[in-house]
Amino acid sequence: MSGNGASSSSLNMISGEDVVNNNLTALVVDDSPLLRLLHEIHLKKYGLKVQVAENGKVAVDLFHLGASFDLVLMDKEMPVMNGVEATKELRAMGVTSMIVGVTSKDGPGEQQAFMEAGLDYCFEKPLTPEIISILLEELNKHNKKD
Amino acid sequence: MEVGQMQRRLVDYTKSLFMEGFLDAQFLQLQQLQDESNPDFVVEVVSLFFDDSEKLLNDLTMALDQPNVDFKKVDAHVHQLKGSSSSIGAQRVKNACIAFRSFCEEQNIDATLRCLQQVKQEYYLVKNKLETMLRLEQQIVAAGGSIPMIELGF
């Protein structure tokens, strides 16, 4: 895993500890209804308010309409607008949400292109409870600094 | 059959699915996400997997039946099927998809057709197993029992 300008040591393992937060919001962007449901339920278990979008364009449109999310889980391969395009678009709009790419096991070159679009992190799907816990801990730290 | 017997039967049956490689640890994660606020989560996810897979297998059949096969399209469908089977823990389907993708890269029509048959076989087997498992669960709940959790250390 790698972060956008962050070293791997900045992601601290939280062992056996649930990070329950009722203030955080998340957007799950994936063309697979199965993955959308899976990630939605995972995040809700941690107390997040979750919305879903079936492709990058729907996600971008939500932000254009004024929605904001602390966390965006962005699938890479989607019809209409893929994750790379959507991430570039969101960063160009000035969106500062944590955007985490979720991919199938692609070659290193493909993940790199996704990271360069503006992701904070990129993981293989589906996200595990451990990875979600780590991301939420980072999000909480980030929000405390603001 | 009394509830305790049904529960033991379910545990043994579920364990066999892991031992035979039909399911992997990802499926246990799904079960752990099910609770009072999402009591039908596993059934919902499994149903989505069935819907997803059947559509993708139809798309693959059509794509490989073309006079000029578009291997990029075929690969895209297999990629999706690999993703959803991996998410639900359907290990043998996932592994069949991995092999399938390598032959898509080679644009080997004979091998990809064989792979399609293999993926279909693995899918129908795991579908059958999952439906049996869910039926056993329903019988336990109908008899007033609870679904036992499967221990990882077997």
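Guide: First, a term: a salt bridge is a side-chain nitrogen of Lys or Arg within 4 Å of a carboxyl oxygen of Asp or Glu. What you see is a predicted model, where local features need pLDDT of at least 70, side-chain atom pairs count only at pLDDT 80 or more, and totals for chains, interfaces and linings use all residues; side-chain values use heavy atoms, with hydrogens and water left out. Residues are numbered from 1 along each chain as its sequence is written, while chains are lettered from A and ligands numbered from 1 in the order in which they are written.

Visitor: What makes the meeting of D35(B) and K45(A) a salt bridge?

Guide: Their side chains come to 2.7 Å, N to O. The cut-off is 4 Å, so the pair counts. The tally between chain B and chain A is 1 salt bridge.

Visitor: Which helices of chain B supply at least two residues each to the side that touches chain A?

Guide: Those are α2 (25-33), α3 (41-64) and α4 (71-88); a helix here is a DSSP run of H or I, at least four residues, numbered from the N terminus. The biggest giver is α4(B), with 7 residues.

Visitor: How do you know how much area is buried between chain B and chain A?

Guide: You take the accessible area (1.4 Å probe) that the two parts lose on being put together, summed over both. Here that comes to about 1600 Å², with 63% from carbon and sulfur atoms.

Visitor: Why is G83(A) called buried?

Guide: Buried means under 20% relative accessible area (exposed is over 50%, partly exposed in between; 1.4 Å probe, protein chains only). G83(A) has 0% relative accessibility, so it counts as buried. You'll find G83(A) in helix α3 (residues 83-92) of chain A. Leaving out residues up to four places away in sequence, G83(A) touches M74(A), D75(A), K76(A), M78(A) and F114(A), where contact means heavy atoms within 4.5 Å.

Visitor: And what makes α4(B) mostly covered?

Guide: Of its 18 residues, 13 are buried.

Visitor: What comes after α4(B)?

Guide: G89(B) follows, and its phi is positive, near 90°.
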